[in-house]
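Work through the exercises below with the structure open. Each task is followed by a solution in steps.

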Amino acid sequence: MSSFISYISRNEVEKGKETFKSYLIDEEEEENDDELDKRASAFFQTDLAPHMLPGERLVTEADSVLSFTPFTEKKKGISGKLFVTNFKVCFLTADRSSYEGPSAKRQRNKLIRDTDIPLTNIDAIYQVVSGKRRKLTPGTTVSNITKYLELHCKDFRVHTFGFKFSPKDQNKKLLNAVVHHAYPSKSNLLFAFDYGKSLPKQDYLCETPLYEEVSDWELELNMCKCTKWRVSEVNKSFDMSISLPKLIVVPGVLFNTDLMTASGHYVEGRIPCWCYTHKNGASLVRSADLIPDADTKYQDVMMSAVQMADQRLGKPIVFDLQEQCPSIKDVQQSFEKFKELCLIETKKDFLVQDSSWMSRLDDTEWLHQIRHCLKCAREVADTLHGKKRTVFIKETDGRHYTCLVSSLVQVMLNPKCRTQIGLQALIQREWIAMGYPFQRNGGLVIKEGGEEVPLFLLFLDCVWQILQQFPSAFAVSETYLTTLWDCASSGLFETFLFDSIYQQTRFTSDGRSLRRFRLPPVWDWSRQFNSSDQTIFNNPLYLMKCNVNLKKAIQESKRKVQSSCRKMDRNELYAYMLNNMYSDDMEDEDMNVILPEYAAPVIKLWTQCYVRWQAPAQIIGGGNPSMYLQQCLIVEEIIHLQHQIELLQMKTQRRTVVAPRPQSDLIFSVDMDMPTSTEFLTNTVLSSSFPFSPGPSKEDQQLLLTPISAYLVNSAIDYDYRNSDD
């Protein structure tokens with residue numbers, strides 16, 4: 001029996017009404033190809049053009065390309081045009097209902113649309129010809145005939161395109177263009193160079209400090225109550241080190257001449273620099289190793305100066321991260337194996353992986369790498385907090401694990417680093433300013449012998465692990481962390497694009513002209529997401545624990561319950577237990593310090609980041625997103641009830657003025673100047689991959705899923721505040 005596959009949707013107009021008609025293709029009957037070619041050609045008479053950003057230009061395009069729906073064994077998809085620009089690969093179809101419309105199934109990015117694949121996000125390119133699959137690399141000769149094109153992306157998504165009906169000359173030209181533009185050999189070949197020059201000249205206002213001004217570093221010193229450290233401009237012209245920023249924090253007893261002399265004895269001139277001072281006075285300092293045959297007296301001088309700056313807490317303890325953390329090579333090999341688990345596109349491959357998933361996951365040792373990094377960071381944090389000793393962390397070049405460990409330690413010890421602005425400032429300070437090589441390690445520019453080093457992803461995964469152990473200690477949600485990883489490969493922002501501030505400075509000089517340009521920082525989220533989408537970054541449990549008004553209401557409720565002499569019913573008993581959980585902990589100063597466990601059984605797989613595109617693994621209506629939305633609902637109900645109490649008090653006290661209903665900045669809140677979230681909640685269905693994956697097909701949604709608004713049916717809140725009758 002022949003198998004029939006719906007490949008082509010033809011756009012027709014009948015009686016002024018647009019309809020879409022599916023044609024069936026019999027894979028076993030080649031004699032129908034001529035007729036199908038005619039139908040495909042007729043389908044593409046509609047003009048389609050991709051949305052272009054400033055500086056973006058069209059390179060080539062191919063007609064009658066088939067975009068396959070993942071996990072349908074290439075038996076379901078839609079026809080359209082495939083475009084290659086100097087920024088992205090873009091698939092467009094005349095059936096716009098497939099990618100547009102009021103139903104917002106996931107986050108809507110203003111710059112990168114659902115059908116866009118940034119070239120910097122492409123991890124590997126595969127060409128399938130006559131059943132043989134081969135990887136395309138720079139310099140590879142592309143076959144004249146291509147059956148399928150597979151794009152494996154750094155966000156763990158696989159895109160597959162078919163060229164059965166596409167003109168042969170077009171598909172070869174398109175594949176050559178993808179390979180050429182996805183693997184640039186120089187920084188100025190990145191789209192960001194054309195993008196930055198084409199943007200209007202402006203100073204970007206960002207709440208997150210970029211640590212380009214002395215005041216930014218001094219503010220950090222003041223918050224840590226550091227009086228014997230100073231901000232030095234010794235590297236203002238990058239004469240000391242091209243991988244350090246212009247400004248560094250050093251012991252106040254050292255002069256700039258001392259720093260310049262010592263820098264010659266450290267790898268890449270990366271002398272010990274201040275990271276953080278704990279409330280007990282112990283500091284965290286990072287540096288590179290001494291160069292071979294260097295005079296160790298310079299290291300002794302630097303350590304003595306640090307000891308004086310930290311009020312003589314004792315000789316600093318040195319952690320050699322090359323011994324404490326996994327080797328870079330081990331992390332690379334582990335990640336390559338791990339990607340094989342996550343980058344799949346067929347049900348057959350999924351079932352093969354699924355039958356031995358746990359053992360295969362263990363074989364990758366990716367979770368082991370996370371565990372080792374958490375263990376090292378925890379030991380450093382214990383030394384600072386418990387032993388009250390200053391810590392030196394060092395490695396060969398001081399640009400890899402020092403970034404990761406110093407950041408994790410501050411997340412554990414400094415509650416500010418668990419807020420959105422605080423975490424962004426931490427990344428800007430410890431990763432971007434201090435010269436983590438994002439461009440080289442992220443594969444944004446291809447160098448001979450270069451390999452991807454996923455340390456930033458490893459850091460985000462470690463933060464996610466801590467979030468799972470302390471779910472109310474972070475102001476941000478896991479969606480925020482996943483979005484951060486996606487932004488690292490978008491290629492549009494200066495934040496994750498360079499290997500150092502020195503490289504960034506040279507990149508943003510327009511040739512020999514005096515004109516300079518600047519790329520926007522990623523921290524201005526309004527460039528990518530509207531205010532409703534950004535609310536998904538917020539953690540409702542943190543709001544419940546840290547919001548002043550909520551805390552006051554909980555404490556008042558606790559006082560009333562304790563003063564009651566009568567026997568408590570079940571609801572009051574539950575409220576009493578909840579009060580104890582949140583009120584007592586908030587009064588404990590040590591709750592500002594969170595020290596995660598790192599034993600193997602507590603380390604989990606970050607499914608939202610790694611398997612969000614694997615439809616067979618999606619939990620319909622469940623998973624972490626379900627819990628997240630219920631938590632949002634609880635907090636919103638508390639705020640709603642508080643406001644109702646205030647209204648009743650206003651009536652009894654005959655007051656005419658009452659404060660407006662507070663906004664929680666969660667998914668149910670509505671900015672009165674923005675469209676209501678009602679449409680979003682009504683049209684968005686829930687799966688464990690929310691809000692990223694498009695989710696099941698419309699047919700499956702009707703049978704299996706209910707909209708998010710269904711969660712509110714039995715609640716006491718009105719999530720469309722504009723209809724409120726308060």
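**Exercise 1.** In what order do the four strands of the open sheet lie, and why is one side of each edge strand left without a neighbour?

Solution. The order in this predicted model is β13-β14-β16-β15, with mixed pairing; two strands pair if DSSP finds at least two bridges between them. Strands (E, at least two residues) and helices (H or I, at least four) are DSSP runs, numbered from the N terminus. The edges are β13 (273-277) and β15 (317-320); each has a single partner strand, so one of its sides has no neighbour in the sheet. From one strand to the next, the twist averages 25°. Axes here are lines fitted to C-alpha atoms, for helices over the stretch in contact, and angles run from 0 to 180 degrees between N-to-C directions.

**Exercise 2.** Find the sense in which β15 and β16 pair, and the residue opposite Val 318.

Solution. Four bridges join β15 to β16 (residues 391-395), in the parallel sense. Opposite Val 318 stands Phe 392 of β16.

**Exercise 3.** Which strands does helix α6 touch?

Solution. Helix α6 (residues 297-309) packs on the sheet and touches β14 (283-288), β15 and β16; contact means heavy atoms within 4.5 Å. The direction of α6 makes about 145° with that of β16.

**Exercise 4.** How many helices and strands are there in the protein?

Solution. The protein has 25 helices and 16 strands.

**Conventions.** Residues are numbered from 1 along each chain as its sequence is written. Local features need pLDDT of at least 70 and side-chain atom pairs count only at pLDDT 80 or more, while totals for chains, interfaces and linings use all residues; side-chain values use heavy atoms, leaving out hydrogens and water.
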